[in-house]
Amino acid sequence: MAKTVTDVICPFCGTLCDDLEVQVSDDGTKILEVYNACAIGAEKFLHSQAKDRITRPRMQQEDGSYKEVSYDDAVEYTAQMLAKAKKPLMYGWSSTSCEAQSVGHELAEAVGGVVDNTATVCHGSSLIAIQDVGIPSCTLGEVKNRADLVVFWGCNPSHAHPRHLSRYSIFPRGFFTGKGHKGRKMIVVDPRNTDTMKMADVGLQLEQGRDYELLSALRVAFRGEDLPDVVAGIPKERIYEAAEMMKNARFGVIFFGMGVTQSLGKNHNIDIAIMVTKDLNEFTKFSIIAMRGHYNVTGSGAVLGWQFGFPFATDLSRGFARYNPGETTSNDLLRRDECDAVFVLGSDPGAHFPISSVKKIAHLPSVAVDPHITPTTEISKLHVPVAFVGVEVGGCCYRMDNVPIESRKVVEPPEGMMTDTDFLARVRDRVVELKAQAPVGTQSTAEAQGA
Amino acid sequence: MAEYLIKNGFVFDPVTGVKGDRKDVAIRDGKIVDSVSSSAKVYDASGKTVMAGAVEVHAHVAGPKVNEGRNYRPEDKLFGTRVKDSKDTRMTGGFSIPTTFKTGYSYAKMGYTVVMEAAMPPLYARHVHEEMRDTPIIDQGAFPVFGNNWFVLEYLKNNELENTAAYIAWLLRASKGYAVKVVNPGGTEAWAWGLNCLSVNDPVPYFDITPAQIVKGLIEANEYLGLPHSIHIHANNLGNPGNFQTTLDTFKLAEGYKANNKFGREQTMHHTHVQFHSYGGDNWGNFESKADAIMDYVNANPNLTIDTGNVTLDETTTMTADGPFEHHLTELNHLKWANVDVELETAAGIVPYVYSPDIKVCAIQWAIGLELALLAKDPMRCFITTDHPNAGPFTRYPRIMKWLMSKESRDERLNTFKHADKVISSTLLAGLDREISFYELAQMTRAGPAKALGLAGTYGGLAPGMDADVVVYDINPEGPFTGDDIERAFTDASYVIKTGVPVVQDGRVISNGNKRTLWVDAKVNENAQVMRDVEEKFLKYYSVSLKNYEVQGHHYIPNPYAIEVDATSEV
Amino acid sequence: MRMETVTLTIKKTPTLMLEAEAISPDGLAGKSLDEIRALPVYMGREQFTIGDYFDVAGATGATAAETKVVVKGDLSRVKYLGTKMSAGELVIEGNADMYVGAWMSGGKLTAKGNVDAFAGTGMKGGELLIEGNAGNYLGSAYRGDWRGMQAGLIRVKGNVGSDTGYFMNGGEIIIEGNADVHVGTHAEGGKIVIKGNAKSRLGGQMVEGTIILLGTVDVMMPGYKYIGDEDVEVDGAKIVMSAYVGDLGERHRKRKGVPIYGKLYIKKAEPADAAASREARLARAREAKKARFAPPEGTASA
């Protein structure tokens, strides 16, 4: 007899839907069906049961092929690599639980590493902007219950966060929004005519790379000042119209993504979008929310924040936490040959980093912890498979609006497979042993940085 | 477990009434006892001051707005230092918003053994507990916020006392919370539309209930349940010149109610960070202290307890569930503003603030905070806080103590302000000669807050049977000592024992001890109406499902300390 | 003032980056050569000494003001040179890495080569002269701090990267070469002179301050309004320039009820985002893209 697990959290994207239902076999080992998830989420569950799933660690050989090794071997190799390194990069963390992240931080502190997560190529620019100008925001339920104007700027939720519009932003009938999407206006700003833009009431197809200028023009319009005829390819009349729409909303919200976080200016684009939102609070109620990608990149930023005080790119090598994107970010460390080992867990830099960085990882001592075979595992010296968080082991995850939700275990992991937390804990304990036996180089003991 | 004997120190304990006599304090198995065997480990406290562990009644140290504060202020951690007390201590950082490890170590080093997180948004309760779990040494609890909660607004509008009480009990369990916190009642729901409630009679948009009705309803529900703590309130109109009147209006809402509980609590209202609510004048130009009007009322009304919210004159970070106030503040100082409105529940705002001694208003705020304590007739009802980090970091408590205990020190500060003349003429401080004594300090930071929290049997005192939280400070109360000696001694305790385990010695952390998380488990009669309302609101209005809301699990609360309350009744 | 000169010559290339904040007049003044050799430098989690990486010769003065420090060799893998210096002189005879002269409050720092990012971060005073190019975030604030460069002079003979003068509050930055995007963003004071060309986002979100551009700009911020031509004193010369006020999309303080804007002076500018100049710019971008993706010589096209 099959049984159904309800209220399951989907461990894929920052939308973190928590209404999934998963039908599993009676013995708790097979996933039979997934309900309510989008196609991507359903595949995350179903694919975990693929017949060619790797179940044991694999070590790269001289000839480039991989040979299976034991978890004990994997722990030893990883511990030796991290203990010997002078400045190991410990990257990823976005597709695992907060518990695992926390153990990873203990390990990073013990080896004086740099902890960085996928924000470094994603919403890191948003985090930098928030550090410069703050952020007026709200939870997704506020959008559901109050919003009558929704702006999607530089993001395409139809593809990247498929259930966002139906669960939170456009379609739901909330407490003050009984008319659902009929009571909401949608503005989409993007250089492309995306599937999301096709749904919009107002689509502004701006000149690529000029979002900063267009956002600035909105602020000029709010202040009743003159605009040039055209800004970022948009005629000024349409800019004034959009500004009026936003000012006259009862409760507006801007959602934004990679279109602005990773195009020219990066953090400055988000910075000025936040200032647009702040300006609008003089006329009405407006909020802005980042469309976080990985299902727990927000969690990684949260745990890093309360334990070390920074949301990503955190350098622990000197005995106190330091942070400066451009210096302590993964791609800069790799580009500048400033790290001498790479440990990746819960993400795929092999696929997402510039190829020049990927080449560096390929030539450094490297370990990749991932249930799947990925471009990252195929250039790392050791690949350690682990159980899927949210499918085979539970753990806390943070949604794009920072709301923490506990993900569930739905099925048993394959026989003998470790979890992230277990693997990290064993590596940590072995590193502590190694450090106690033979201090490799002198640990930094200075009291203050500089005079 | 072990036996300890803290020998021959000058003991100040309001619970046993010891006012500086040389006494021994005996500890066995985590409790204060009358005496111990000769194999007890002896700590020689000769020439030093001995008190119970201090009790923090209100600080923002764990949760989403605290963490947003950390993450959005990298500059708060610039030029960190490596401080490694022992192989078991973790990296520390942050001045106005310390990391969780630093929070635990810093409080412990000052001799604080219990810290209450002042405001927990229930939707984010899991986050608050994760941070408390990662805060070493100190026992902690958190106060969920109720004053802008949709369930509460609807039930109180309809005068449904039992339903309100049942919902409170349910939410305390779901969030593993400790007390009923009320922040800017009604005004923060209004803020979800960009509005506010600035007086106790301003109706909340749509819900059409006033702050006065909300506060009175919550007092009634709190006493109906018999909770350990009273309602803990941050009144409307915080921070505005002339707001002392709103504060008095709020205090008066508690008149006529009697405290009902089995925990020894006597107050029906605790008002927090009163400094921010004691302003006269009607603009920043004629801004002045109304601490006298406030304390006249507090002194005459034993159903009230307060904490001060002292300004420390630092660059710090303000953060509060009073969302509209933070928007107002950023309009004034143009510094980076973070805000989060939380569906059905509350909001939070964050803005950095520089309390410069060169700014007249900041200096007046500083004076007001001290005046409140110096005018308090009953130190068991007036506690010392900085509303950390709003008026300053909690690590400045020893400096506040210095200013309260040494007129010379505070006059030195008062007379060297850039606008000293205007500050002195707008406040009362120059004319106050009182110096808080060591015994009164123990009342204001130990016995008083413990009693107000309903924890008088456990914390804040050195009576046999109480938890063995004992602190030795390197200062001889018989003198001579300077103000700076006070600050130094209370910053780095010589010896701190928590629940019978030594955790700090000579200002260094030596053990993580055995931290507990306090929460209140209130049992009420089954209430089908409330459960139906809860299910409906989760289905229709929340963005998470009901089954995913409650905080459960050992990894959030590894060492729970549930305070049981039986509020059931014969039907 | 009589200055003593101590010379440090790097003798080993750091495998990672070497963190050498001890190397400044303040860090070395009053110390013997052996004491200097024993000062800490850091690489990752390991601590070394100055003597491990540098030959040390010469002598120091008793105070920073009486000390001149010369650092020789390829310093391109050395960070924090001259950090927090308050007096005296520091000369870097080679390229240097990040944070050159960060948080300096006085004295004179000359970098004879290029410097990497974050040079002059949080500068409070003194002179920072860069004879080569400077990386991103020259004279900017540290992350999150709304108080950037407060005072002092930064002069660059070459080009600069992006984010020059970020959150600038005071002081002056003079760039002989070109500047990348985002100049004077969020500035509340100070003056930035660019003698070469700029790209875009000049004075974005500027509350107050002055930017002078002698060269061209690709795209003007929409919030800058032309108010007429003015005589402007630029590094000793007097030039007639088009004056703009802005950023009109940003808040501005008032003095006696009159708003104080940021000033942007451009020697020659097209009206912001005029259709013709935009078409030309887009055409150039299309050509450049075609050239980058053109198939190599000798291969058949797709």
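**View 1. Polar contacts between chain C and chain A.** Between chain C and chain A, 35 residue pairs are in polar contact, counting pairs with both residues at pLDDT 80 or more. The model shown is predicted. On the chain C side that touches chain A, two or more residues each come from strand 3 (40-43), strand 4 (46-49) and helix 4 (275-293) of chain C. Sorted by class, this side of chain C has 19 charged, 12 polar and 22 nonpolar residues.

**View 2. Salt bridges between chain C and chain A.** The two chains are joined by 11 salt bridges. One of these pairs Glu19(C) with Lys87(A), with 3.8 Å between the closest N and O atoms.

**View 3. Extent of the interface between chain C and chain A.** In this interface, 63 residues of chain A are in contact with 53 residues of chain C. The buried area between the two chains comes to about 4600 Å², and carbon and sulfur atoms give 45% of it. Within chain C, the residues that lose the most area to chain A are Arg45(C), Arg201(C) and Pro222(C), which together make up 18% of what that side buries.

View 4. Helix 16 of chain B spans residues 483-491, and its buried residues are Gly483(B), Ile486(B), Glu487(B), Ala489(B) and Phe490(B). The elements covering these buried residues include three helices of chain B, namely helix 12 (397-405), helix 13 (407-415) and helix 15 (438-452). Strand 5 (49-52) and strand 19 (470-473) of chain B are also among the covering elements.

How values were computed:
Residues numbered from 1 in each chain as written. Chains lettered and ligands numbered in written order. Predicted model: local features only at pLDDT ≥ 70, side-chain atom pairs only at ≥ 80, totals over all residues. Heavy atoms only, no water. Contact = heavy atoms within 4.5 Å. Buried area = accessible area lost by both parts, 1.4 Å probe. Salt bridge = Lys/Arg side-chain N within 4 Å of Asp/Glu carboxyl O. Polar contact = N/O pair within 3.5 Å; in protein donor to acceptor, adjacent residues only side chain to side chain. Helix = DSSP H or I, 4+ residues; strand = E, 2+ residues; numbered from the N terminus. Nonpolar A, V, L, I, M, F, W, Y, C, P; charged D, E, K, R; others polar. Buried < 20%, exposed > 50% of the residue type's maximum accessible area, 1.4 Å probe, protein only.
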